[in-house]
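User: I have a structure to study for class. Can you take me through it in short steps?

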Amino acid sequence: EWLVRNAALWMYPNDPNVPTYAKRRLVPFSEAVPFKHSWLGLHKMLRSFVPDVMEQVDPGPANTVFPLNRPGGKWRVVSPICYEGTIAALCRKMVYADGHKRADIIANLSNDGWFVCPWTQAQTGSTEQSQHLSHYVFRAVENRVPVVRAVNTGISASVDSSGRIVAEVA
């Protein structure tokens, strides 16, 4: 059986060892309809309400720390995917383990394309994109690490560890 996951890859040129992080907290009724493995009949009934184009994915097995080699040393990077950054406890577990900091920066990859006006497809007149960014301001402060966000149809930004938005690209 194939596993389908929403994942981030960390690649270096000419390096065959590619660390990956697969999203652990899936969006209910979008990325994952409940009861897939425990109550198949109910799962199928609930799945009938979700459009077929919304492929169902499996959660990842563990948090991953990506190594970023740079001239001054190595940075340790964790990468919550999309709405995972709204879950404070999950981000804390990514940054800290056994009371010790295991990451120096949070790099968020998001798709805010579903925050659009359904009848015009415009991305204006809505507060969801700025609200999604504001969650990462809190994650930076809570974990005392800077955050960078790369968002295809939202607000890409960098936030320092004090929660100040240093730069943003709408």
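User: How many salt bridges does a search of the whole structure find?
Analyst: This is a predicted model, where local features need pLDDT of at least 70, side-chain atom pairs count only at pLDDT 80 or more, and totals for chains, interfaces and linings use all residues. Residues are numbered from 1 along each chain as its sequence is written, and side-chain values use heavy atoms, with hydrogens and water left out. A salt bridge is a side-chain nitrogen of Lys or Arg within 4 Å of a carboxyl oxygen of Asp or Glu. Searching the whole structure on that basis gives 6.

User: Which residue forms a salt bridge with Glu31?
Analyst: The closest N and O atoms of this pair are 2.8 Å apart. Both residues are buried, a term that means under 20% relative accessible area, with exposed over 50% and partly exposed in between (1.4 Å probe, protein chains only). The partner of Glu31 is Lys23.

User: How many residues apart are Asp58 and Lys36?
Analyst: These two form a salt bridge, with the closest N and O atoms 3.3 Å apart. The pair links distant parts of the chain: Asp58 sits in the loop between α1 (40-47) and β3 (66-70), and Lys36 in the loop between β2 (20-22) and α1. Helices (H or I, at least four residues) and strands (E, at least two) are DSSP runs, numbered from the N terminus. The separation is 22 residues.

User: Is Arg164 buried or exposed?
Analyst: The side chain of Arg164 meets that of Asp160 in a salt bridge, at 2.9 Å from N to O. Its relative accessibility is 54%, so Arg164 counts as exposed.

User: How many disulfides does the structure hold?
Analyst: A disulfide is a pair of cysteine sulfur atoms within 2.5 Å. The count for this structure is 0.

User: Which cysteine sulfur is nearest to that of Cys82?
Analyst: Cys82 is in no disulfide, and the nearest cysteine sulfur is 12 Å away. Cys82 is buried, at 9% relative accessible area. The nearest sulfur belongs to Cys91.

User: Where is confidence highest in the protein chain?
Analyst: pLDDT is the predictor's confidence in each residue, from 0 to 100. The chain averages 89, and 91% of the residues score at least 70. Confidence is lowest in β3, at a mean of 88. The highest value, 97, belongs to helix α2 (residues 88-95).

User: How far does helix α3 reach from its first C-alpha to its last?
Analyst: Helix α3 (residues 128-143) has 16 residues.

User: Within what arc do the buried residues of α3 fall?
Analyst: The buried residues of α3 include His132, Leu133, Tyr136 and Ala140. Seen down the axis, the buried residues line one face of the helix, because they fall within a limited arc (that of the directions from the helix axis to the C-beta atoms). That arc is 160°.

User: Which residue forms a stacked aromatic pair with Trp10?
Analyst: Rings of Phe, Tyr and Trp (its six-membered ring) pair if their centres lie within 6.5 Å; planes under 30 degrees apart count as stacked, over 60 as edge-to-face and the rest as tilted. A search of the whole structure finds 2 such pairs. In this one, the centres are 5.3 Å apart and the planes 15° apart. The partner of Trp10 is Phe66.

Note on methods
The expected span of a helix is 1.5 Å times one less than its number of residues.
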